[in-house]
4 protein chains.
Amino acid sequence: MPLPTPNLYPAFNIVRLSHVELAVTDLAKSRAFYVDTLGLQVTDETADTIYLRAMEERGHHCIVLKQSDRAEARDLGFKVFSEDDLDRAEHFFKAKELPVEWVERPYQSRTLRTRDPHGIPLEFYSRMDRLAPIHQKYALYKGVKPLRIDHFNCFSPDVDQSVAFYNELGFRVTEFTEDAETGRLWAAWTHRKGGVHDIAFTNGLGPRLHHVAFWVPTPLNIIDLLDLMATTGYVGNIERGPGRHGISNAFFLYIRDPDGHRIEIYCSDYQTVDPDLEPIKWDLKDPQRQTLWGAPAPRSWFEEGSTFAGTEPRPSALAASPIIAP
Amino acid sequence: MPLPTPNLYPAFNIVRLSHVELAVTDLAKSRAFYVDTLGLQVTDETADTIYLRAMEERGHHCIVLKQSDRAEARDLGFKVFSEDDLDRAEHFFKAKELPVEWVERPYQSRTLRTRDPHGIPLEFYSRMDRLAPIHQKYALYKGVKPLRIDHFNCFSPDVDQSVAFYNELGFRVTEFTEDAETGRLWAAWTHRKGGVHDIAFTNGLGPRLHHVAFWVPTPLNIIDLLDLMATTGYVGNIERGPGRHGISNAFFLYIRDPDGHRIEIYCSDYQTVDPDLEPIKWDLKDPQRQTLWGAPAPRSWFEEGSTFAGTEPRPSALAASPIIAP
Amino acid sequence: MPLPTPNLYPAFNIVRLSHVELAVTDLAKSRAFYVDTLGLQVTDETADTIYLRAMEERGHHCIVLKQSDRAEARDLGFKVFSEDDLDRAEHFFKAKELPVEWVERPYQSRTLRTRDPHGIPLEFYSRMDRLAPIHQKYALYKGVKPLRIDHFNCFSPDVDQSVAFYNELGFRVTEFTEDAETGRLWAAWTHRKGGVHDIAFTNGLGPRLHHVAFWVPTPLNIIDLLDLMATTGYVGNIERGPGRHGISNAFFLYIRDPDGHRIEIYCSDYQTVDPDLEPIKWDLKDPQRQTLWGAPAPRSWFEEGSTFAGTEPRPSALAASPIIAP
Amino acid sequence: MPLPTPNLYPAFNIVRLSHVELAVTDLAKSRAFYVDTLGLQVTDETADTIYLRAMEERGHHCIVLKQSDRAEARDLGFKVFSEDDLDRAEHFFKAKELPVEWVERPYQSRTLRTRDPHGIPLEFYSRMDRLAPIHQKYALYKGVKPLRIDHFNCFSPDVDQSVAFYNELGFRVTEFTEDAETGRLWAAWTHRKGGVHDIAFTNGLGPRLHHVAFWVPTPLNIIDLLDLMATTGYVGNIERGPGRHGISNAFFLYIRDPDGHRIEIYCSDYQTVDPDLEPIKWDLKDPQRQTLWGAPAPRSWFEEGSTFAGTEPRPSALAASPIIAP
């Protein structure tokens, strides 16, 4: 199945991924992980909610932690260009017979809530409260020095379908893995904001959230985080890496939060603003697609993820990856 | 004079800065500088012309070096989103009574040539020959490991006018320096592609090209370049830096090519895709705007630049910077 | 079995490890690995021999590659303080009834050849030809930018015996792993020159050479090497890492040369010149001793090594490591 | 005047520089600088004294800050190999008719206090209280992540005399600057512990302490410190750098503490344990000896220093450096 033709003039204009709400079972433990260890900044905090931003972000939040009885991922948030784009979005999703509702979200202008065809909960807004810049308040930098949210990665039970749908929304494929035997997509990376991805899809029991990624300045910040986690009780939360991805060429580390939500620390991918940028194709059997240096990913990385609130994941028709660390 | 209201829906869609042609007086010396020292890749080469690209670029060229009797800067090249945008651009510049012509440029689709109101020569195209990716051919990386062209910076005799014009083209101001006494702009950074700038304007005898900048992976690559230049006969070509800019927060180095064209090596600014991103204002009297760490720039940095072909620079009405290294 | 009391006044004064000769089966392939990939500098070269030094070394060679029918490690070379120390060394080894002979080695003053009690071939010299400094010839730096040979690591069939013997030679233990059940040493790191080690011993079929290590400037140079090896046909030569050792606190990478000789790339351990420096003890069951970040080493790393010329390795009485990656 | 022949068998064995006491006029301000900004660890603290160590040090202190009416430098501390070496040191200084006294220093074994021929106050001890390692307690790392004290640098009114005296103590010259016109030493770097220097001497009004240096992991830590100081009120305390020294090849930054005591942040010099290491000679007129990249040092760097308690500095007979930034 070939990649869809890029849709350069989508029905409404999504600027970038923006934020996600994560339901967590012990807010204090999550705070220790996201604030004291990763170094995200608290922008608001109540008994059951913590709002966080990264160092160069001026929007109010990129992660919302919610105390809950069960750990799960909630809405994936995206920023649209204008209020008119929100109305166009409503029209678009309604035409697809997908559920739409206008919801109130603290610190956001009116917010449109919907789901993608596989059931991933999505929310769109145009304006969020803007905060004063802190990117030059170097005394505040700590942990991995997270600069900004970079992307979402989701398990999809049918990556061809996911790509076709997000392509309609204007997400352009930058790299993809094809199952050479079936010709079907095994994974794809799609972007709006000019990096390798705002959202990626990986074959597997889905929809589930595979990970949320943060951009950091250099690989040395990732090494600093590893040293810190290894000596502050988080050695068991280190899942995979550090390494260089074949796909995206980024330097990466995967860690797990206290509830198992997976966070990627990520830097140094490339600029993708050209509308004629050619997607890069990888073979599912090539271990360097995962890690350029050759080390396969552990089984947990292929199998575990966060369920989305209100959506039952279903199996993919494709087989599991042939390359998994023993 | 306040900043103009950002023009979010410009008459035609510029994707990003793309390339510049530099007239040089000794092509072999320039090759030694740009290829052997900086590490740009040759994509084509004739007796009087060298085409260069950086490591993650797939377009054919970002720098064109032309043997010439005199050193000067020629057209600043920009990529537009579609062929239709080129036609809209023609209409726009004609309506402004600016000169337009369609020119043939090797490796580019039809190219529209014009000038901005101060006389800066500009060219716009939609498609350039695409080359195979080399960003993972690590054996080719050398010098400063340049990843991509990042921005142009031009002296302007009237920065308010320059900003007003480029704002019409959809360039959004990210940071600016104001002369507190007159309320006039002293410098401004404006972008299309989602970084701090595609083109910036600095008060001074203009129009002239102040510098062209390349993005590199980390500050350590800049230190490597300094060590290399200092021990291969280029110590006199190091002009300013390394340092952290207050404006843009980028880590920088300024060097001069054998003809005196100024090149900035640059990394780690921030993402600016939000249409409601607030411009950051700096005071002309604040030395940290130039270098966060306090060191003022040398006089040459304020005064010297490359003339543009076919344009006579004229003085600015504003006074010189009050902060110049002795 | 407790550590021996440090011998602060040994019979002769060893300055540091110096060099090793490696027998290789395809000199051209080895040259591509050590020179073109790692970046060592050729100081002399004949049909069957290549002499190499690292960037800050002024002695003539740290690695001697010899074309041979079989791959093996030959003499471990050490530099002594003075010619008198050589005579004292001869006396010492003779008194131990170990074999001694005076040999001619190109570029070295008279050289004393002997073996340690397990049969490791050793050579001692006081003066080697000195070459002009190249550490500021930055145009010569390439590959991993190796600065100097750092240490040898050997499999030992009886680490307690090895440590007792090298302690007599004045090597001071900086860190060690103890088998808690038997109280015996499982591994030990011992130094002369003021770093964590000049030579270390690890339990196993021995004597065999486990690895030779090179010091590099920063972890980023190791990442550069990984990127280079992964894209120039050496992905299969990457064995373990990158990571942070618990023991030594160094950042490391293990790679294999074309014959399987293991090379460690190493940086950022600590200064150990204090004669009262306390050895640090690690538990054999603690996986963080190997990799602070928790990942166990692969089986090959525990089992494979280079045999020494003229010495038959014999098994250790201790069991294998309880912590091996599956 | 030629360099003295290295004294390879000095009368007593100095292991390394160890510590210095700095008299400061506002202990709280000094604490903010050394602890909160640089990241040194407090090991003891009273109303008028703060003891500090760096991250990989296990000796109790490398800096002692003392509240005082006037800022000045006090004893330069050195660690000797054994208690016997202390007695030999007493004999040595007495024979030179230099003042000797045995003093009590908290956390140190018996301590010998004396002065060098120019009046620099020195103290020698063999054993200092040892503390538990913290180099793998990564949660404690902050500021510039100082790993260890690296060296002292002193103004000397007669560098030839200083070098001759410290050569007798076994300090070996690694690099030196000669005044080509007079053939006299303008500056010299001398070591005991195997790096480029434990103590260096620079021509000028002396004796005075020019600076104390700390070793840090990589140049990026120095950039981090600059960003931190520039945004926490210390921009005026940044004096020179960052840069690469020609002499020593180290990456450096010079900053001033609240009393003007100068601190160098330093990394990546080279190993100097070979007894036959050839000193490297630099010309006083070569600006790259100071900064490989060409920038001259500011006037303050040549002229300002901390007086030593109880010693009146006197002028040098040599002229000032011909290379000073305007």
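Analyst: Let us begin with a term: buried area is the accessible area (1.4 Å probe) that two parts lose on being put together, summed over both. By that definition, chain C and chain D bury about 3,400 Å² between them, with 49% of it on carbon and sulfur atoms. In chain C, the residues that lose the most area to chain D are C:Arg58, C:Phe81 and C:Gln271, which together make up 18% of what that side buries.

User: What should I know about the model and its numbering first?

Analyst: This is a predicted model, in which local features need pLDDT of at least 70 and side-chain atom pairs count only at pLDDT 80 or more, while totals for chains, interfaces and linings use all residues. Residues are numbered from 1 along each chain as its sequence is written, chains are lettered from A and ligands numbered from 1 in the order in which they are written, and side-chain values use heavy atoms, with hydrogens and water left out.

User: OK, how many residues of chain C and chain D take part in the contact?

Analyst: Chain C gives 36 residues and chain D gives 36 residues, where contact means heavy atoms within 4.5 Å.

User: And how many salt bridges are there across that interface?

Analyst: The rule finds 14 salt bridges between chain C and chain D, a salt bridge being a side-chain nitrogen of Lys or Arg within 4 Å of a carboxyl oxygen of Asp or Glu. One of them joins the side chains of C:Glu278 and D:Arg130, at 2.8 Å from N to O.

User: Which kinds of residue make up chain C's side?

Analyst: The side of chain C that touches chain D divides into 13 nonpolar, nine polar and 14 charged residues. Here Ala, Val, Leu, Ile, Met, Phe, Trp, Tyr, Cys and Pro count as nonpolar, Asp, Glu, Lys and Arg as charged, and the others, Gly among them, as polar.

User: What rotation superposes chain C on chain D?

Analyst: A rotation of 180° does so, with 0.0 Å of shift along its axis and an RMSD of 0.0 Å, and therefore the relation is that of a two-fold axis. In chain C, the C-alpha nearest the axis belongs to C:Thr218, 3.3 Å from it. The same surface serves both copies, since 100% of the contact residues of chain C recur in chain D.

User: Switching to chains A and B, how much area do they bury?

Analyst: Chain A and chain B bury about 3,400 Å² between them, 49% of it on carbon and sulfur atoms. The count between chain A and chain B is 14 salt bridges, including one between B:Glu278 and A:Arg130, whose closest N and O atoms are 2.8 Å apart.

User: What domains does chain A have?

Analyst: The assignment gives domain 1 (14-130) and domain 2 (146-307) in chain A, with bounds that come from an automatic or database domain assignment. Their centres, taken over C-alpha atoms, are separated by 20 Å.

User: How much area is buried between those two domains?

Analyst: About 3,400 Å² is buried between domain 1 of chain A and domain 2 of chain A, and carbon and sulfur atoms give 70% of that. A:Leu17, A:Phe33 and A:His118 supply 21% of the area that domain 1 buries against domain 2, more than any other three residues.

Terms used: Copies are superposed by least squares on the C-alpha atoms of residues with pLDDT of at least 70 in both.
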